[in-house]
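Have the model open and follow along.

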Amino acid sequence: MHKLIKLNTIVIFLILSFAAYSQTDPDAQNDRFRAMWVYNISNNVDWPNDDTIRTYVVGVYSNSDGVYNELVTLSKSQKIKDKPVKIVKFTRFKKITKTHILYVGYDNNSDIYRVNSILDNTPTLLITDRIDDVDNFMVNILPFDQGAKRIEIDKTNIEAHLLGVTDQLLYHGGSEQELKDLYSQQKKELDAQITLLQQKKAEIETLQNDFEEQKELLGEQQILLQTQKQQLQQMTATLEQQKLALQKNESMILEQEMLIKQKQTEVQQQIKEMNDKEEILNQKNDEILAKQYELQELEDQIASSKSALSNANQTIENQKETLKIVAIFLFVIFIFSIFLGAALRKNSRMNKELTKKNKEISDKNLRIEHQALLLENTNKELEKLSIVAENAQNGVVIMDKLGNIEWVNAGFTKMYGYTLQLFINERDINIIKSSSSPEIQKVYQRCLEEKTPVTYEMKSTTRNGENMYVKTTLTPILNEKDEIDKLVAIDTDISEIKKANDEITKQHQQITAQANELKNSNKELEKLSIVVSETNNAVMITDGHGNIEWVNPAFTKTFGYTLDEFTSKVSKNIIADTSKKNVKESITKLYETKQPVSYQLLTHNKEGNEIWIQANLTPIINENNEVEKIIVVDSDITFIKEAEKEIIEKNYELTTQKEQIEEQNNKIEASIKYAQTIQQSILPLKTVTEQFFNSEIIFKPKDIVSGDFYWFFGLKESHCWYAASVDCTGHGVPGAFMSLISSRILNEILIQNPNIEPSDILEQADTKIRSALMQDKTNNNDGLDIALAKVINTDNQLIVHFAGAKRNLFIYQNNVNTVKSLPGTRRSIGGIKRTRTKTNFVTSKAEIEKGDILYLMTDGYIDQNDKFRKRYGSVKTEESILKIGNLSLVEQKNILLKELNNHMQGTEQRDDITLWIIKT
């Protein structure tokens, strides 16, 4: 507000100065105005490092000294944002250096392209003078003798150089659209502030009413307190009288007690005399009886006096309790007075808070710009998600929990040659029926029961008939109730890996067969204790101490050594010359157990080549149970070791691929969940819609993200609002993409054409959807169905304007307890154009009353089937609305959800569901 006053003051000063100097030198006068505009403009621009700037540098690129001299003069007395100003002059283009503000004179406008190249997105404010180039200026000073507007502003170029411009400056130089946006934005903020002020005012009035009521109550309580005070005084006087009477009674009781004691003394004396004088006692018997009778009367009087004394004490205690209650009541009145004072102080604080709200309005722009940046970043993240989903080399399939296929990515089409529709038509929509794996039913059931990813392999064929092996990871997607919502299958082509595994398996079978043959051969050796020299295995016979005595021809063939060559160059004894631990342990075990042993050994042949051997040592035992001979049978297992190494390498490769696939699965799942957050950002907030109507929403996406969305646009100044339930082609990720595009298009249409009719909105949306998806040039057939209502409130009369694309509007008329339906047009928005004549969208109108209820819905609710595949249907929906229309919106929502669940009977949700219940 302070900046606006300052700017308006300067503008008025400029106008008056222009009038005053109209008869003086026009060039000097205009230079002075331009210099003042440079200062004025700079004060309403924000630099990214404003806080660190100590002196603002203003550069002047002009062949004339007029503006420069005026700026120098102003710099001596004027500041920019309360900071000193330094003026520098550039006479040549190449001498321009970095400044905060650069003024380009009219005579140098032809160099504007080169000036922009020097700025190169740096935080420098470019101020031009009467330039005609509409694409290369930030702030342009207009001719002073043409029109009332003095400057024009290109906000986009300013923000591209990391600078910000205030609303006040836009007001004086912004484009018509920017002014419209600014007015609309400020109008919304002003309306919000007015609403808030009205709420605060209502709260203050409520507090004032409460204060008046409490004040009246306090007066009544003061009167009551005065009355009770008088009663207390009367009770105090009565209590004093009773106290005096009690004191008198106590004196009488003391006198009576003394008299009783005297009587007792006399009686005792009389008894003593009676004992001494029995005769006198008999004579006095009547007197004693008389005295006893008097004594009994005195005791009765004493008991009566004690009872009266007890009653008096009880009365005193009751009066004490009454005094306590009165004291407590006086304390409560005192505490109430304290709270009343606190309420008055709170009322004062609220008034002070109201004065601060105006300042908060100016902060709204920064938050809105931040929200715009956040939306831009959101769109970028969504583009990344699209790239991940579309460019993955693996085939990705999304299914419902019954196994019905809903979406496949481009990698699936590349792998198998099927699009989603071709696969459904030629194979089947269900994974169990379309899969070629015989174990698919067990795998699917295991995934559902354990709720964990399951991996299996199968042999499959492409659409061209080519065989391939596929490894599939079936992953369940759980909702917040730990129930399976979706299944995601990721297919990987492992044909090459399968071929390698088959070859390895074949080799392993051969090796196993050979090992069995060796085992059988060893058994024969154990039986016969002799080896024929013709065997293919290398055979060595040693004495009982391990000295080599004989080798067969196969030994020479395997190792390249004859017996003499081996004993002279390599070793004479198999025990003494070995350094291998496993060999020593095996030979030691042979001597201890007298049983055959075996070991594997990496050695070299005569040519120096490495070979792996399997050595089987069989002892020949003599009659003394001593080792007499050792028969060593060596088998060349080099090829087995190489095969094992290859198997290890293949296993490592398969493990790596498995980890990569799991990582891709995790990224895809994380991306889809993040997309849910992005999509929710386009849905209207309830705090916004509540300014126009009360509502409840049933919004149940089939997948994590939805092809359905609900949309709102309010125009308070026009006393109308728009609301819609929208169903985009598909669901899940593809539907979510369409929902973002469609929401943006609807907002664009309303911003450009406020108060437009619903049918015109649908026609324009149809054109924009086709253009955005390039459907005239591609085979893209995506689109949307929509139920769109516009409600106008004028002179306490409500009129609903409705247009639908394959959707109808249900209206519950509260006064007559009936349900009315407004029909939509049997045509979708977007999609490939048909050759037949196009049906135009039509707006239907109806008068409604306050309290009537609108039901905007997509087809997900109506088309949901039960376990017998029977739809819920429009008729049943209309009957349900008629039964519940007079209930609260929350009750209606709960009943509609309950009826839908009863209808589904555990059946999988087949589509996104949106039902918006709006009470006018």
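**The second largest pocket**

In this predicted model, the second largest pocket has a volume of about 1400 Å³. A pocket here is an open set of points on a 1 Å grid over the protein atoms alone, with protein on both sides within 12 Å along at least five of seven lines. Points are joined across faces, edges and corners, and a volume is the space filled by probe spheres set on them.

- Lining residues have an atom within 4 Å of a point; this pocket has 46 of them, and Thr 729, Asp 785, Lys 806, Ser 828 and Asp 859 are the closest to its centre.
- Two or more lining residues come from each of β10 (405-408), α12 (420-426), β21 (720-728), α22 (758-772), β22 (783-794) and β26 (829-830).
- Helices (H or I, at least four residues) and strands (E, at least two) are DSSP runs, numbered from the N terminus.
- By class, the lining has 23 charged residues (Asp, Glu, Lys and Arg), 9 nonpolar ones (Ala, Val, Leu, Ile, Met, Phe, Trp, Tyr, Cys and Pro) and 14 polar ones (the others, Gly among them).

**Cavities**

- There are 5 cavities of 30 Å³ or more, a cavity being a set of points where a 1.4 Å probe fits but cannot get out.
- The largest cavity holds about 200 Å³ of space, and among its 17 lining residues Phe 412, Phe 423, Ile 431, Met 458 and Asp 491 are the closest to its centre.
- β11 gives the most to this lining, with 3 residues.
- The lining of the largest cavity has 10 nonpolar, 5 polar and 2 charged residues.

**Reading the numbers**

- Residues are numbered from 1 along each chain as its sequence is written, and side-chain values use heavy atoms, with hydrogens and water left out.
- As the model is predicted, local features need pLDDT of at least 70 and side-chain atom pairs count only at pLDDT 80 or more, while totals for chains, interfaces and linings use all residues.
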